[in-house]
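Hi there,

Here is the structure I promised to pass on to you. Have a look at it first, and then read my notes below.

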Amino acid sequence: MTTKEGGPYDAVVLAGGGAARLGGADKPGVRVGGRTLIDRVLAACAGAGTTVVVAAPRPTARPVVWAREEPAGGGPLAALDAGLARTTAERVVVLSADLPFLGEQTVCRLLAALAGGGADGAVLTDPDGRDQPLVAAYRRDALLREIAALDERDGHGGGGLAGLPLRRLTGRLTLTRVADPLAAFDCDTWDDIASARARIREHGNVLDEWISAVKDELGIELDVDTGALLDLARDAAHGVARPAAPLTTFLVGYAAAQAAARGGAAGGAEAVAEATRKAAALAARWVDEDEQDAKPGSAAGTPPDAG
């Protein structure tokens, strides 16, 4: 697939760590906001042509290619090498599987920063300004070149990457930095998990998080005007009857799906917008009739200006 930055990219997600500070729990499978951490990360890199997850296979909300480092548990550098072997794009986004607040917008920012200069990579920085090399976009050929050099020097031509820290690689690269403290938040402890869950449920975040979770659960990749839908639900609830709100929005979605299937709409979002407009106009007419009938001296079915 192609990003707004004008070129394709692949993604490598490292999900095979031991999660020692979580007591050995399956960290990628821990749920935050109703979705596993790994599914949240996969949603952020949904624009990738190929997404490789380096870990033992598991159910995921999105299709991925599975890979495994040699030996299993050999560390992030060996895992990255195994993932890169299954990519082809010139640019590769490299992510850990424990980033609850990473979004597609941040991935696009990293890719734009990489495209905008001659650096080997663009890495996210945390609130303290430290590089987060597992939230980054890199040039694939630069990664392969330096990994090969490390393997040759430290492993004498094979198997030398196991146990090496990732900084041995990133220290050989020219990097540009992108600041995004929230997206850099990772979940290493149960306190981190609790903090992430609490933030998602804050009033200013909960609706967007819920909509994203529902779309991911249903396999829907559709950006719609949620404000217009909420206004429609409010008008139906107040102007007709409270149960009309969820039923009306359901019917809008159903009508939009039918219109798109018939080819009568340019796309899903446009079909939803058109169905929302029609239903909102109907709700307004419904309320207008009630207001006319409520006027003193008016008769049911008689226009207010009739003689």
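This is a predicted model: local features need pLDDT of at least 70, side-chain atom pairs count only at pLDDT 80 or more; totals for chains, interfaces and linings use all residues.

**Helix α8**

Helix α8 runs over residues 226–239, and at 1.5 Å a residue its 14 residues should span 20 Å; the end C-alpha atoms lie 19 Å apart, which agrees. Which residues of α8 are buried? They are Leu 232, Ala 233, Ala 236, Ala 237 and Gly 239. In general, an α-helix has 3.6 residues a turn, so residues three or four places apart point the same way. At the start of α8, Asp 225 brings a side-chain oxygen to within 3.1 Å of the backbone nitrogen of Gly 227.

**The largest pocket**

Next, find the largest pocket, with a volume of about 1,300 Å³. Its lining has 40 residues, and Ala 43, Gly 103, Glu 104, Gln 105 and Ser 212 are the ones nearest the centre. Helices α1, α3, α6 and α7 each supply at least two lining residues, and α7 gives the most, with 8. Sorted by class, the lining has 16 nonpolar, 10 polar and 14 charged residues.

**Aromatic pairs**

The model has 2 aromatic pairs. One of them joins Phe 101 and Phe 185, a tilted pair with 5.8 Å from centre to centre and 50 degrees between the planes. This pair links distant parts of the chain: the two residues are 84 residues apart, with Phe 101 in the loop between β6 and α3 and Phe 185 in the loop between β9 and α6. Phe 101 counts as buried because its relative accessibility is 15%, under the 20% cut-off. Phe 185, at 26%, counts as partly exposed.

Enjoy exploring!

Technical notes:
Residues are numbered from 1 along each chain as its sequence is written. Side-chain values use heavy atoms; hydrogens and water are left out. On a 1 Å grid over the protein atoms alone, a cavity is a set of points where a 1.4 Å probe fits but cannot get out, and a pocket is an open set with protein on both sides within 12 Å along at least five of seven lines; lining residues have an atom within 4 Å of a point. Grid points are joined across faces, edges and corners, and a volume is the space filled by probe spheres set on the points. Helices (H or I, at least four residues) and strands (E, at least two) are DSSP runs, numbered from the N terminus. Ala, Val, Leu, Ile, Met, Phe, Trp, Tyr, Cys and Pro count as nonpolar, Asp, Glu, Lys and Arg as charged, and the others, Gly among them, as polar. The expected span of a helix is 1.5 Å times one less than its number of residues. Buried means under 20% relative accessible area, exposed over 50%, partly exposed in between (1.4 Å probe, protein chains only). A polar contact is a pair of N or O atoms within 3.5 Å; within protein, one must be able to donate a hydrogen and the other to accept it, and residues adjacent in sequence count only if both atoms are side-chain atoms. Rings of Phe, Tyr and Trp (its six-membered ring) pair if their centres lie within 6.5 Å; planes under 30 degrees apart count as stacked, over 60 as edge-to-face and the rest as tilted.
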